[in-house]
Amino acid sequence: MTAQEIRQSFLDFFASKGHKIVPSAPMVIKDDPTLMFTNAGMNQFKNIILGNDPIKYPRVADSQKCLRVSGKHNDLEEVGRDTYHHTMFEMLGNWSFGDYFKAEAIAWAWEYLTEVLKLDKDRLYVTVFEGSPAENLKRDDEAASIWAKYIDENRIINGNKHDNFWEMGDTGPCGPCSEIHIDLRPDSERQKVDGKSLVNGDHPQVIEIWNNVFMQYNRKADGSLESLPNKVIDTGMGFERLCVAVQGKTSNYDTDVFQPMLKAIGNLCGTQYGKDAKTDVAMRVVADHIRTISFAICDGQLPSNAKAGYVIRRILRRAVRYGYTFLNQRSAFLYKLVPQLIADMGTAYPELKHQQQLVEKVIKEEEDAFLRTLETGIRLLDNVIADTQKAGKTEITGKEAFTLYDTYGFPLDLTELILRENGMTLNEAEFNAEMQKQKERARNAAAVETGDWVVLAEGETKFVGYDTLKAETKILRYRKLVQKNKEYYQVVLSVTPFYAEMGGQVGDCGTLSNGEETIAVTDTKRENNLPVHIVVKMPKNTTATFTAKVDEEKRHATEANHSATHLLHAALRELLGSHVEQKGSFVSPHSLRFDFSHFQKVTPEELRKVEHMVNKAIRANTPLQEHREVPIAEAKALGAMALFGEKYGDKVRVIQYGKSIELCGGTHVRATGNIGMLRIVSESSVAAGVRRIEAVTAESAEMLFDDLQDAQNAVKELFNNAPDVLQAIKKSIEENNTLRKKMEAVAQERIVAIRENLMQKAEDINGVKVIRLMSNDNPNIIKGVIPFFKGKFTDVKFLMVAGTVYENKPSLTVVLSQPMVDAGFHAGNMVREAAKLMDGNGGGQPFMATAGGKNVNGVNAAIDRVIEMIK
C-alpha cells in the first residue's frame, strides 16, 4: 500500500463504523493563548472535550497535520539524527464524545491493524496503566481484560504514569491510555531478545504506533481528580510510523512519504541518500523541515522573531545550516524543493499548490537573510578565535558563544565545528548556564498562577454583542490569576455583549454594575472558546444580577476599523488582482493593520487609488448585509472567500457591503458611512510576497489631518507665510546649496594653507618626522589635512598629533605611518593615554585614532604627552 492508500484506508474504516470524517485543522493555532501549533489530533476538539462547545458529531475521525518541537522525543535538535522523529507529522485519529468507550476503541484498533492492514499479530504489544497509589488510582484492569480477548496476556504490559496516563495540561481532562507497539526487527534479532523488554525503551525498531486515550477524569488546580460527565475516546496514530510498519521498512525516511523528497534533495545537492552518515542526517533534516516550513506559511504563519513565527524561523534556519555545513549549499536552495513537496502531498493538502508562489518567495527571502547572518557570524567568530589565540588560550568562553547564538543567530554546532577545525573548544558548561538564565527569564515573564474555577451556576455564555452593547447578566464562574505579581480575575457571564478578542479584533472593555458598585472590565479574551472578562477585582456580591455595558465609543471605533479592512481588501483585489488574499489583520479603536499577499511594493499612485476607492465605498453608505448561521457551502455560493489557515465550522457568518463579501465573526458598522473616512498611513513589507498597510479611520483620521495641517502651517510660518510655500522652500534649498559650495571652497583653501604651514614646521625627533598642530578650526578641516601627510610619509617614521578646540569642545588626533606601527607604536593606545590630560577618552586603529574630552586647557599637555611617548 502507498502512503496515500494507507491514509485513505484509515478514514474509510472509521467511516464504516459511523464516524464523521472531518478535515485537518490548520497546523497554526490563532485563537488559543495556550498553544501556538496543533501538536495533537485532539486540539481542534479541545472545546468539545472541555464542554465549552456542543457535540455536533459523537463519532469523528481525521488525519491531522501536527507540529512538535519540544517535549518527550521532540527536541528540535534531535530531529534528523534518528530515523523516526519529526517536527511536522500527520496524526490519524478517531474520537468518541460521550458515545463508545474502551471496548469499541480497542476492538476497532485491533481490527484495523490486523485485518485491514494485515500487520503480524505476533509483532504487536500493548500497554495499560499500572496505577498510581500516590493518587489512589488503580490499574486499568478494564482495558487489560478487553485486550486479553485479542492478544496473549504475556503481550499486555503495565505502563507507568509517565507513559500511560495522559493529561491535557496541569488542569483539565485526563485519563489512562493504552499504547500499541510493534516490533519491526528481523526474526534473527527477535529470537535473541524478546521485544517485550524493548517496549518504551527508545529502540528505533520497537516503536509505538497508536495511543488510545480513555479520558474519564478532570484534574483540578489542587491536583485532585473528579470523574468527567461525558467520557471521551481520543486516539492518535503516527501516520509516518504506520507507513513504516505496513511497507516493511526500518525507517520513516525509507517509505514513500519521504523517499521522493530525499531523491530531489540528492539531485539538487549532487549527493545520494545512504552514502554518508553525516550527509544522511542533513538530508533527513531538510526533508523533514521543508514540510513544516511550507505548511506553516500556508496556514498564515510567516517566519519572524516572536512566538510562533520564531519557531518557524528557527526550523528554517536549522535546515539552511545543515545544507550549508554538510550539503555544501552556499546559496538559497530550500525553496527549490517546494514543487516536490506539492507532488508528494498536494493531493491530500491542496493549499500547498494554491499558495506555491508565496511559499517559495518567503522561504527564499528567509534563506538569503540567514546566509548573510552566517557570513557575519563566521567573521565575528574569527575575531573571537584570533583574540583567544593571542591570549594563549584554546577555549573560548561560553558567554561569547552564547552572544553569537542569541544576538546574531549563529548556531552552536556550527561554532563547535569551526572551533574544532582551529584546534579549539568552548566552555560548554558556561554556555549552558547562559542558556538556562535566558530560559528562566522567559519562564518568569510568562509564569501565570491559575486558581480553580469557582462555579456559581451552570450554563453557557450567550453572546448578544452583535445586537446590543448592554445586557442583564449573572456571573457563571470566576477564577483568580497572578502574573508578574499582579492579581486579576477571569469572569464568565451568562449573557454578554462584550466581544472577546479573536480574528485580529481586540476584545471589548466596559463595566459590570449592580446598582451598588461598578467593576471595570479591562479586556475580554477568548479561552477554550469561552468569552472571559478580565477584571482587577471581584464584586462584593458575586451572585447579584449585573448590567454588562460595553464602552460604546471604543467599540464603534473598533467596528469602523474592522469594516474598513473589508473594504480595503475588496479594493486591493479589484485594483491589484485576485491573487491578493488576507494574510493577517489587527483592528483596535485607534487603527487598523492589514497584511495581504502581493509580490511587489504597492506604489504611491496605487495606494492613492485604493484610498479613493475605499472612501467612495464609505460615502456610498452601503448598509450591512449580515447572514448568520449560514451553511459554509451557501456562504461560498454568495461569493464569500474562505482563507487558507482558518478553521471554519459547518455554519458561518457572512458580512457583506456591496461587492465586499467575507466570512467574519467580528463586529461591524451598520452602514459604511459610519466609518467616516479612511487614510492610509504606511505601506511596507512583512515578508517575501506579503505586504502590510496601516491606516486610520473616523476620528483618528480627522486627528491625522489636523496634525498634517498643523505641520503645514508651521512650515508656512517659517517662510513668512509665503503665498507659494513650495517655491519658497525650493529657493531656500538652492541658496543653501550655493552657500555650502562656497564654504567648501573656503575650507579647501584653509586645508591647503594649514598643510603648507605644517610642512615648514615639521620637526625631526629621534629619527621620527613629527608634525604638531594646535588649532581652533572645525575638526573636519583637520581630517582634510591628514590624507596629504599619510600619502607623503608612507616609507619613513612619521607622527602627526593634532589638537583642536572647536565650539568649546577639545579633541585629539594621532596619525602614524606604517614604519611606526611596525616599530610597535599604536595610535589607539597613545591617544587613549594622552586624552586623560583633557578629561577624555578615545581609541582607534594602530595607524590612526581620535579622542574627545571636557577640559579645553588640557589639549596642549595632551599633545606634549603624545610626543613624549616617542622620545
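**Strands, cores and cysteines in a predicted model**

Reader: How many bridges join E25 to strand E26?

Author: The model discussed here is predicted. In it, strand E26 covers residues 651–657 and runs antiparallel to E25. The number of bridges joining E25 to E26 is 5.

Reader: Which strands stand at the edges of the open sheet, each with a single partner strand?

Author: The sheet is open and has 3 strands in the order E25-E26-E27, with antiparallel pairing. A strand at the edge has a single partner, so one of its sides is left without a neighbour in the sheet. The strands in that position are E25 (625–631) and E27 (660–663).

Reader: What is the average twist from one strand to the next?

Author: The strands concerned are those of the open sheet ordered E25-E26-E27. From one strand to the next, the twist averages 20°.

Reader: At about what angle to E27 does helix H17 run?

Author: Helix H17 is made of residues 552–576 and lies across both E26 and E27. Relative to E27, helix H17 runs at about 120°.

Reader: Which residues does Leu-334 touch, not counting residues up to four places away in sequence?

Author: Leu-334 is among the residues with the most contacts inside the largest core. With residues up to four places away in sequence left out, Leu-334 touches Val-286, Ile-290, Ile-293, Leu-316, Ala-319, Val-320, Ile-363 and Glu-367.

Reader: How many disulfides does a search of the whole structure find?

Author: A disulfide is a covalent bond between the sulfur atoms of two cysteines. For Cys-298, the closest cysteine sulfur is in Cys-66, 16 Å away, which is too far for a bond. Cys-664 is in no disulfide either, as the nearest cysteine sulfur, that of Cys-509, is 19 Å away. Over the whole structure, the number of disulfides found is 0.

Reader: Is Cys-664 buried or exposed?

Author: The limit for a buried residue is under 20% relative accessible area. Cys-664 has a relative accessibility of 12%, and therefore counts as buried.

Reader: What span does helix H20 reach from its first C-alpha to its last?

Author: Helix H20 comprises residues 698–718, which makes 21 residues. At 1.5 Å a residue, 30 Å is expected, and the value in the model is close to this, at 31 Å.

Conventions
Residues numbered from 1 in each chain as written. Predicted model: local features only at pLDDT ≥ 70, side-chain atom pairs only at ≥ 80, totals over all residues. Heavy atoms only, no water. Disulfide = S-S within 2.5 Å. Buried < 20%, exposed > 50% of the residue type's maximum accessible area, 1.4 Å probe, protein only. Core = buried A, V, L, I, M, F, W, Y, C linked by side-chain atoms within 4.5 Å. Contact = heavy atoms within 4.5 Å. Pairing = 2+ DSSP bridges. Helix = DSSP H or I, 4+ residues; strand = E, 2+ residues; numbered from the N terminus. Axes fitted to C-alpha atoms, helices over the stretch in contact; angles between N-to-C directions. Expected span 1.5 Å × (residues − 1).
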